[in-house]
Amino acid sequence: MERVLLVEDEYAHAELIRRAFNKQADLYELHVASSLAEARRVIQNVRPDVAFVDFYLPDGSGAELLSESEDERAFPVVILTSYGNEQIAVEALKAGALDYVVKSPAVFAEMPSVARRILREWRHIVERQRRRAERELRESEEKFRKILETASEGVMLVDHAGTIKLINRYVEEIFGYERDELLDQPVEVLLPPDVRDVHVTFRQSYQEYPTPHLMGEGRELLGLRRDGTTFPVEVSLAPVVVSGQQMIMCLVIDITVRRQLEEQRLYARTLEIELEKEREIIELRENFTSMLSHEFRTPLTIILSSISILQTYLEKLPREKVSELLDRASNQIHRMVAMLDDVLAVSRGNANRIEFHPESIEVSPFCQRIIQNIELIDQNQHSFEFDASDAPQRFIGDVLLLENCFSNLLSNAAKYSPPRTRITFEVRSANQGEHVLFSVSDQGIGIPPEEQPRIFQPFHRAANARHIQGTGLGLAIVRQYVERHGGRIWFESREGRGTRFNVELPLRLNTMVDGEGGVVPPPPHFSKI
Ligand code: ADP
């Protein structure tokens, strides 16, 4: 029985059509609606196989039924139109009507055969669509399979029981199995025996809260090949629904090559670091050699020339001249001894091996004494300013070591600044009174940015300072002494504008008194550089 819906508000027309269908009551079941609203109700309840719809209805146009959702209209619609209204029928066809008929008593009588024809056509169309949909599905499955098979990643579908339901070629290749050997096997066959039990637990808890994520992050995951060997893998998981069944999709990659590359990179980096160290040693040696030839040659030349004058003219020279030459030679010898001391000091390397005798030091007298000494040597070429207005009164430190530090920084400031510029020595409390900060600032040549990272290296001298006498040892020693106090040293400098060296010392040394009353050095982490 085919269900026919007739939407027609003209009673006479509807009646004629009804009569025609009644003659074939064994084939058709006719439902008549006289408005759109009624038609919609019939569609809801009866689900017709075909509908004949008048174009003009009391509550709208019959064409409106065509724009209703696909589901509502899974049947063909034939538009009924009056003679001379064919244009409307054409519009209805464009909107999706399968056909139209021009109303006339003869046509009404023929309606059952029109219905038969329309139904045949419609089934044809539906069948064609079904075949096309099937073909498209097959093609897209084929495409999916191709992508799956050529993927450079292993793809595996595992069901709720942990059984392998699908794998691609990559999985076969990396694990060394044939596909059939793996399908319907528990996924644990691909894992080393010692982690299988844990994996079952993991898998079960994953199924409770399945979310996409990388498996075993931070741990090394191993896959087990058919031949019993293992290899590193990376696995990511994602829950998927396949044919209505909840499954887990596992993406697996063999990361053996990546691991090897990482190891190679690490090895290359280690080599690079060693090379860098080697380079530094060579540089150090070169710097040391150039320092030796510059700094030792000058005093030796002076000593040698004094001795040779004495040898040649000893008898003829007045006594004062002799003693002046001897003074000159002995001064140079002192200078060389001082330099040798410096070399020894830096070659000791470890700050903790330096003798260290801390005591309470009064800030102002200590600093002023150092400034006076430097002023004497500087012979009034620079103006020295001292500011300790925000300084603590006292701090604990080794007088000899710190005198050496600040003399070094102040004499560098003078050495690397043009005459008649200002040098400032500032002391103040820092870090809520936990530290005391000493700063020495000058308006001198500055340190070029590219030299700054190496300025504390022994024997290293900046290019813009080479014409000024020096050994490149002072700062290396200062740093060791500052570290010996558990302090830190750093600087800010602009080439051609000036430099400021900062030394921060803990106000109270973090030292302990050992059993013999000696002072135990601060722990290594206490030094900040
Ligand atoms: P030296 O002064 O004997 O060369 P240092 O170790 O005291 O050795 O200093 C190392 C280098 O740091 C110097 O050669 C110089 O290039 C640079 N330097 C140090 N202090 C200053 C400063 N106040 N202004 C400019 N450059 C400086």
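These notebook entries record what I looked up in the structure.

**Entry 1: the model and the chain**

I note at the outset that the model is predicted. I looked up the secondary structure and found 13 helices and 22 strands in the chain. I then turned to the overall dimensions. The C-alpha trace spans about 160 × 60 × 50 Å along its principal axes. The radius of gyration of the chain is 50 Å, whereas a compact globule of 529 residues would have one near 24 Å. I also looked up burial: 40% of the 529 residues in the chain are buried.

**Entry 2: the ligand and its shell**

Which residues come nearest to the ligand? I found 21 residues around the ligand, and those that come nearest are N412, Y416, R461, T471 and L475. By class, the shell divides into 10 nonpolar, eight polar and three charged residues.

I then looked up individual atom pairs. K415 places a polar side-chain atom 3.0 Å from an oxygen atom of the ligand. For D442, a polar side-chain atom lies 2.8 Å from a nitrogen atom of the ligand. L475, which is listed among the residues that come nearest, has a backbone N or O atom 2.7 Å from a ligand oxygen atom.

How much of the ligand's accessible area does the protein cover? On its own the ligand has 530 Å² of accessible area, and the protein covers 98% of this. I next asked which elements give two or more residues to the shell, and recorded α12 (399-415), α13 (474-484) and β20 (498-506). Of these, α12 gives the most, with three residues.

**Entry 3: salt bridge K103–E8**

I counted 31 salt bridges in the structure and examined several of them. In one of them, the side chains of K103 and E8 meet at 3.0 Å, N to O. K103 lies in the loop between β7 (99-102) and α4 (105-150), and E8 in the loop between β1 (2-7) and α1 (11-22); the pair therefore ties together parts that are 95 residues apart in sequence. Are the two partners buried or exposed? K103 has a relative accessible area of 12% and is buried, because the cut-off for burial is under 20%. E8 also counts as buried, at 2% relative accessibility.

**Entry 4: salt bridge E15–R18**

I next looked up E15, which forms a salt bridge with R18; their closest N and O atoms are 3.5 Å apart. Both residues belong to helix α1, and because they are three residues apart, about one helical turn separates them. The relative accessible area of E15 is 18%, which makes E15 buried. R18, with 31%, is partly exposed.

E426 and R500 form a salt bridge in which the closest N and O atoms are 3.7 Å apart.

Lastly, I recorded a network: E127, R130, R131 and E134 are joined by salt bridges that share partners.

Key. Residues are numbered from 1 along each chain as its sequence is written. This is a predicted model: local features need pLDDT of at least 70, side-chain atom pairs count only at pLDDT 80 or more; totals for chains, interfaces and linings use all residues. Side-chain values use heavy atoms; hydrogens and water are left out. A residue is near a molecule or strand if one of its heavy atoms lies within 4 Å of it. A polar contact is a pair of N or O atoms within 3.5 Å; within protein, one must be able to donate a hydrogen and the other to accept it, and residues adjacent in sequence count only if both atoms are side-chain atoms. Accessible areas come from the Shrake-Rupley method with a 1.4 Å probe; for residues, only the protein chains shown count as cover. Helices (H or I, at least four residues) and strands (E, at least two) are DSSP runs, numbered from the N terminus. Ala, Val, Leu, Ile, Met, Phe, Trp, Tyr, Cys and Pro count as nonpolar, Asp, Glu, Lys and Arg as charged, and the others, Gly among them, as polar. A salt bridge is a side-chain nitrogen of Lys or Arg within 4 Å of a carboxyl oxygen of Asp or Glu. Buried means under 20% relative accessible area, exposed over 50%, partly exposed in between (1.4 Å probe, protein chains only). The radius of gyration is taken over C-alpha atoms; the globule rule is 2.2 Å times the number of residues to the power 0.38.
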